[in-house]
Amino acid sequence: MITRLLVANRGEITRRVFATCRAMGVQTVAVHSDADAHAPFVAEADQAVRLPGDTPAETYLRVDLILDAARRSGADAVHPGYGFLAENAEFAAAVADAGLTWVGPPAKVIAAMGDKLAAKALLAEAGVPMLPSWTDADQVTDFPVLVKASAGGGGRGMRIVRDAAGLAEAVASARREAAAAFGDGTVFIERYVERGRHVEVQILGDTHGTVQVLGVRECSIQRRHQKIIEEAPGLVPAEVRERLHEAAEAAGRAVDYVGAGTVEFLLTPDGAVYFLEMNTRLQVEHPVTELVTPAGLDLVRMQLLVAEGEPLPAQHHAPATRGHAIEVRLCAEEPAQDWRPATGTLHRFDVPGVDREFGGVDRSGLRLDSGVVAGSVVGVHYDSLLAKVIAVAPTRAEAIRALAGALARAEIHGVATNRDLLVRVLRSREFGAGEIDTGFLDRHPEVFAPLLPADQLPVTALAAALAAAAHRRASAPVLAGLPSGWRNVPAVPQVTRFAGPEGELEVRYRLDRTGGLAEWSVAHHTVADHGGPGDTDERRAAGRPGAADDSAERQVVELVEATPDRVVLDVDGVRRSYRVHRVGSEFFVDGPDGAASLAELPRLPLPTAELAAGSLLAPLPGAVTRVHVEVGQRVSAGDPLLTLEAMKLEHPVLAPTDGVVTELPVPAGGQVRTGAVLAVIGKDH
């Protein structure tokens with residue numbers, strides 16, 4: 001019987017496993033990098049062992065350090081979580097050789113399924129349908145194709161290639177990314193199916209020969225081949241569901257599967273089913289299966305019981321499901337900036353209406369599986385996943401509405417996320433109708449827009465300015481009851497300037513002697529694409545149009561209430577409440593239409609060093625893995641200049657305009673901080 005479990009992972013999956021351990025009375029051990037020393041999963045562990053270093057290669061991928069941590073802590077079992085070493089057969093064998101209980105399938109099964117090419121051959125003999133694939137790029141004659149990593153998963157090391165010209169570079173790039181993520185750069189090539197859907201079947205096996213099928217999940221909403229929205233039960237007809245169950249069970253029996261695993265399939269538009277891969281671990285999206293299983297299934301508990309040798313009950317058919325569950329992956333990234341990872345400190349992390357964390361929910365409600373809390377620091381060394389938010393309800397439509405509403409009202413301050421995109425996808429007509437496939441995001445650019453409409457940004461900025469004024473009055477040592485900026489004789493208005501999402505916002509307002517809003521205006525100076533002056537838009541209270549922009553939409557705004565953390569405005573006869581959270585000069589405003597992050601600019605800014613015209617700055621910390629150009633080389637807009645690696649993914653840095661490369665201050669292999677100059681593009685004379 002397992003008494004003390006070490007989880008060889010980090011973040012939300014470690015917290016998820018710990019939650020089940022606490023319920024079962026199992027002691028817990030965490031291992032952590034220096035970067036994770038203050039992470040929630042470390043604080044929740046009964047014991048924690050430091051792995052010196054920050055990067056995965058220095059820490060979570062070190063088998064020797066993890067086994068030493070198990071010995072030092074007295075752990076008698078190891079759970080791998082997902083990612084890192086979870087599908088590493090050598091790690092599983094080393095754990096067993098050390099006399100520890102391995103929570104997962106045997107090393108030989110991991111090895112068989114981890115080599116995706118060998119797995120395809122093995123399972124094809126068992127009757128599981130397969131797509132054609134190749135190991136040599138010279139063998140490929142038909143396009144499009146998909147380059148895939150043979151080891152690992154999660155979308156890393158995957159590239160779509162639509163013609164022969166791009167195949168060699170896609171293979172090389174996929175090899176580098178796979179090697180960085182999994183320690184194995186082996187890739188293969190598979191036929192790519194347009195408008196295909198990604199569906200998968202949860203299986204569970206024991207050491208007594210039983211293989212259970214626990215239903216189908218729908219996982220087609222993906223970015224960069226990584227799932228971001230999953231749901232159960234899968235959106236497939238009964239006949240297709242039966243074929244998927246049969247194929248998944250055949251795959252499990254072919255390898256004598258033990259533990260929790262997932263068999264992934266591609267569903268073509270004409271209803272054909274093809275094997276993609278078997279994941280020999282617990283999946284990120286396992287909660288949706290747990291929440292629609294009537295018996296209140298806990299897959300982690302089942303993993304531990306199976307590892308202890310307990311038999312599973314015989315199963316004659318997949319269990320019936322109840323209701324519908326949908327999960328979204330909340331990630332620190334900027335979807336509109338080519339999914340650029342985001343870093344920083346989470347000053348606030350609050351999802352309203354959560355019924356339970358890391359556990360079952362009754363017929364309807366919200367579950368949160370999070371790796372972060374308020375105060376967590378999001379760095380560059382690991383995956384961008386912050387949390388999973390899951391809704392379960394009697395119907396799919398109800399689950400969609402509940403999940404979208406909770407996300408829209410969530411207060412996530414300090415780090416950019418994909419929250420707005422997730423809400424827009426959930427609320428789209430096509431998603432609601434089940435018209436989805438793996439290319440959904442490519443065909444729907446409208447979901448990349450922020451939730452907050454552009455015409456509501458000025459009023460949002462006004463709310464931030466009024467909250468700032470309320471803060472100043474509340475902290476004033478004398479005459480705190482006077483309205484901010486009040487004078488016997490009206491003179492000039494109060495002025496507050498903010499750096500907004502797309503430029504500078506200059507808020508001007510004046511309060512009367514009762515504290516009411518006498519007048520206001522907001523000038524929005526947008527930033528042009530290449531450093532030009534941009535445009536100016538302005539919103540004013542009706543009746544005070546001014547002279548600069550008589551065509552601007554006028555809104556009648558009355559101040560109802562203003563405190564440092566809440567502002568209520570009556571906008572054109574509709575009362576609107578804004579929650580304001582201030583951290584230093586940063587203002588995080590959550591309103592009825594969406595959220596905005598605004599940075600108050602100093603009235604008298606200090607001089608700073610002037611950057612050379614055409615400077616390209618690092619959008620986040622990372623490592624320059626390759627430099628594609630030389631100083632003096634002519635480039636065109638869109639040409640790749642260099643490749644930056646952060647959060648285990650490669651991010652190309654492209655030329656924003658035509659010109660000549662005049663500076664390349666960072667060589668390949670160099671580390672950069674946010675804002676560092678990566679290259680300078682001068683005019684081509």
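In what order do the five strands of the open sheet stand, and is the pairing parallel or antiparallel? The order is 3-2-1-4-5, and the pairing is parallel.

This is a predicted model: local features need pLDDT of at least 70, side-chain atom pairs count only at pLDDT 80 or more, and totals for chains, interfaces and linings use all residues. Residues are numbered from 1 along each chain as its sequence is written, and side-chain values use heavy atoms, with hydrogens and water left out.

**Figure 1. The whole protein.** The secondary structure comes to 15 helices and 42 strands. Helices (H or I, at least four residues) and strands (E, at least two) are DSSP runs, numbered from the N terminus. The radius of gyration is 27 Å, close to the 26 Å that the globule rule gives for 685 residues, so the protein is as compact as a globular protein of that length. That radius is taken over C-alpha atoms, and the rule is 2.2 Å times the number of residues to the power 0.38. Along the principal axes, the C-alpha atoms fill a box of roughly 90 × 60 × 55 Å. Buried residues make up 53% of the 685 residues. Buried means under 20% relative accessible area, exposed over 50%, and partly exposed in between (1.4 Å probe, protein chains only). Take the contacts between residues at least 6 apart in sequence: 61% of them join residues at least 24 apart. Contact means heavy atoms within 4.5 Å.

Figure 2. Strand 3 (47–50) and strand 5 (101–102) stand at the edges. Each has a single partner strand, so one side of each is left without a neighbour in the sheet. Two strands pair if DSSP finds at least two bridges between them. Strand 4 (residues 77–79) runs parallel to strand 5, and two bridges join them. In this pair, Ala-77 stands opposite Thr-101.

**Figure 3. Strand 23 and two of its partners.** Nine of the nine residues of strand 23 (residues 385–393) are buried, so this strand is largely enclosed by the rest of the structure. Strand 15 (residues 324–331) pairs with strand 23 in the antiparallel sense, over eight bridges. Here Val-328 has Val-389 as its bridge partner. Strand 21 (residues 365–370) also runs antiparallel to strand 23, with six bridges between them. Gly-365 stands opposite Val-392 of strand 23.

Figure 4. Five of the six residues of strand 31 (residues 566–571) are buried, so strand 31 is largely enclosed by the rest of the structure. Strand 30 (residues 557–563) runs antiparallel to strand 31 and is joined to it by six bridges. The hairpin from strand 30 to strand 31 passes through two residues. Thr-563 has Arg-566 of strand 31 as its bridge partner. Arg-566 also stands opposite Arg-579 in strand 32. Six bridges join strand 31 to strand 32 (residues 574–583), and the two run antiparallel. Their hairpin has two residues between the strands, and there Asp-572 takes a positive phi near 50 degrees.

**Figure 5. The surroundings of Ala-126.** Ala-126 sits in the loop between helix 6 (116–125) and strand 6 (133–134). Ala-126 counts as partly exposed, at 34% relative accessibility. Ala-126 touches Ala-250 and Ala-254, not counting residues up to four places away in sequence. Ala-247 is 121 residues from Ala-126 along the chain, and their C-alpha atoms are separated by 8.8 Å.

**Figure 6. Two cis peptide bonds.** The bond from Phe-143 to Pro-144 is cis, with omega near 5 degrees. Pro-144 lies in the loop between strand 6 and strand 7 (145–149). The bond from Ala-232 to Pro-233 is cis too, with omega near 0 degrees. Pro-233 is found in the loop between strand 12 (226–232) and helix 8 (238–254).

Figure 7. Phe-84 is not a glycine, yet has a positive phi of about 50 degrees. Phe-84 lies in the loop between strand 4 and helix 4 (89–97). With a relative accessible area of 11%, Phe-84 is buried. Arg-195 is not a glycine either, and has a positive phi of about 60 degrees. The loop holding Arg-195 runs between strand 9 (187–191) and strand 10 (197–205). Arg-195 is partly exposed, with a relative accessible area of 49%.
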